[in-house]
Amino acid sequence: MNTPDGWRPDTLAVRGGLMRSEFDETSEALYPTSGYVYASAQEAQAAFNDEVERFVYSRYGNPTVAMLEERMRLLHGAEAAQATASGMSAVFTALGGLCAAGDRIVASRALFGSCFVIIDEVLRRWGVESTFVDGTDLEDWARALSTPATAVFFETPSNPTQELVDIAAVSELAHAAGAVVVVDNVFGTPVFSRPLDHGADIVVYSTTKHIDGQGRVMGGMILGPTELVGGPIQTLLRHTGPSMSPFNAWVTLKGLETLTLRVERQAQSTLELARHLEADPRVTRVFHPWLESHPQAELARRQMTGGGTVVTFTLDAGQEEAFAFMNALEIVDISNNLGDAKSLTTHPTTTTHKRLPEEARLAAGITEGTIRLSVGLEDVEDLREDLERGLAAAFS
């Protein structure tokens, strides 16, 4: 693989880990194969004894998937990377690989609905204890981590209300408690946030968002130390099967080439729209880490280089008006996805965060009037006019 030292992130996103075949193709090769053949039975035996390094089965590894893993590894400065079939399989495999019956996870309560279900329901059935804290409160983290823990998990910024967790401070507390720190960096993106540089141990992604970022394929990624990502996490992944397909890896590789260009443009538009919404009296609250009004604006600028592509806001109204707003939009689509080249909106209370208990939603600032907007690549003035169209319908 082509892994030169000294390349900067934008170069790595285009050329890192490139592995050309004997045909010297320009674009990365796509290897849609389930298995591989051996020259002899002895060679197959050596492969399964780990005496030679080669591909044996695409559930274990595939050349196209390996290129994506290596490119993401280089981009993050991580020791190891494992691609998965989806973002949720990345979260589940990372936590499942780290924890066993009798272990304890400490997590921020401001989580995406499926992440909450994994920790509060699925892993609990396996005998893994969970403790939820206010992710913004270091004293709450300190209390929860005053006793040993196996893993710490949080999103920063959180979905959808953009709460931030102090990665460096929480990582220090977690390591003192013996815990591995796992960070969901979907809202931060590889462009604006580098959790490993701030003390986190493992970073997980839904590569569906931003990295493909064009609504084409699903995928996930786990990055971190070889001891963990190449050890128990890889073992769980290989033997339970949530592996990324070669085609999805190839599409995601092509998306990665334009990641910075897309995300920086989207973030610029997002901040413009966030400021526009904040000035509107029909909107009671706007959540975006790059707004001066964000309660953690200083922390955002300390551990991020941009505010991201999502703005969440609450109308001075309820579900009926929120639905009227969304139904009146002509450009922005209604979808539970985010990080796409097309602008998308969702109503978290009735979709993505429906599984969260009401008290947990309200504690996170999610009400019936809360709307999440993932900003795409459309002209920002067209989007501004579309939002005005929605607001007019909601308050007519």
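**Local features of a predicted model**

Threonine 189 is buried, with a relative accessible area of 0%. Threonine 189 belongs to helix H8, which covers residues 189–192. Its phi is near 65°, a positive value in a residue other than glycine.

A second residue of this kind is found in the loop between S4 and H7, where glutamine 162 lies. Glutamine 162 has a phi near 60°, again a positive value in a residue other than glycine. With a relative accessibility of 1%, glutamine 162 counts as buried.

Proline 157 is placed between strand S4 (151–155) and helix H7 (167–176). The other cis bond joins asparagine 159 to proline 160, and its omega is near 5°. Proline 160, too, lies in the loop between S4 and H7.

Attention now turns to the helices. Helix H3 spans residues 63–76, 14 residues in total, and reaches 20 Å from its first C-alpha to its last. That reach is close to the 20 Å expected at 1.5 Å a residue. Of the 14 residues of H3, 13 are buried, so the helix is largely enclosed by the rest of the structure. Both ends of H3 have details worth a look. At its start, a side-chain oxygen of asparagine 62 comes to within 2.9 Å of the backbone nitrogen of threonine 64. Just after the helix, glycine 77 adopts a positive phi of about 65°.

Because 10 of its 12 residues are buried, H4 is largely enclosed by the rest of the structure. Among the buried residues of H4 are the glycines Gly87, Gly96 and Gly97, and the list also includes Ala90, Val91, Leu95 and Leu98. Ser89 and Thr93 are buried as well.

Helix H15 (residues 319–328) packs with helix H17 (residues 380–394) at an angle of about 140°, and their axes are 7 Å apart. H15 and H17 are therefore oblique to each other. Their crossing is right-handed.

Threonine 345 sits in strand S11, made up of residues 344–346. It is buried, with a relative accessible area of 1%, and its side chain reaches the backbone oxygen of arginine 372 at 3.0 Å.

Finally, how many disulfides does the structure hold? The count is zero. Cysteine 99 takes part in no disulfide, and the nearest cysteine sulfur, belonging to cysteine 115, is 14 Å away. Cysteine 99 is buried, at a relative accessible area of 7%. Cysteine 115 also counts as buried, at 1% relative accessibility.

Technical notes:
Residues numbered from 1 in each chain as written. Predicted model: local features only at pLDDT ≥ 70, side-chain atom pairs only at ≥ 80, totals over all residues. Heavy atoms only, no water. Helix = DSSP H or I, 4+ residues; strand = E, 2+ residues; numbered from the N terminus. Expected span 1.5 Å × (residues − 1). Buried < 20%, exposed > 50% of the residue type's maximum accessible area, 1.4 Å probe, protein only. Polar contact = N/O pair within 3.5 Å; in protein donor to acceptor, adjacent residues only side chain to side chain. Disulfide = S-S within 2.5 Å. Axes fitted to C-alpha atoms, helices over the stretch in contact; angles between N-to-C directions. Parallel < 35°, antiparallel > 145°, perpendicular 65-115°, else oblique. Left-handed = near helix turned anticlockwise from the far one by under 90°.
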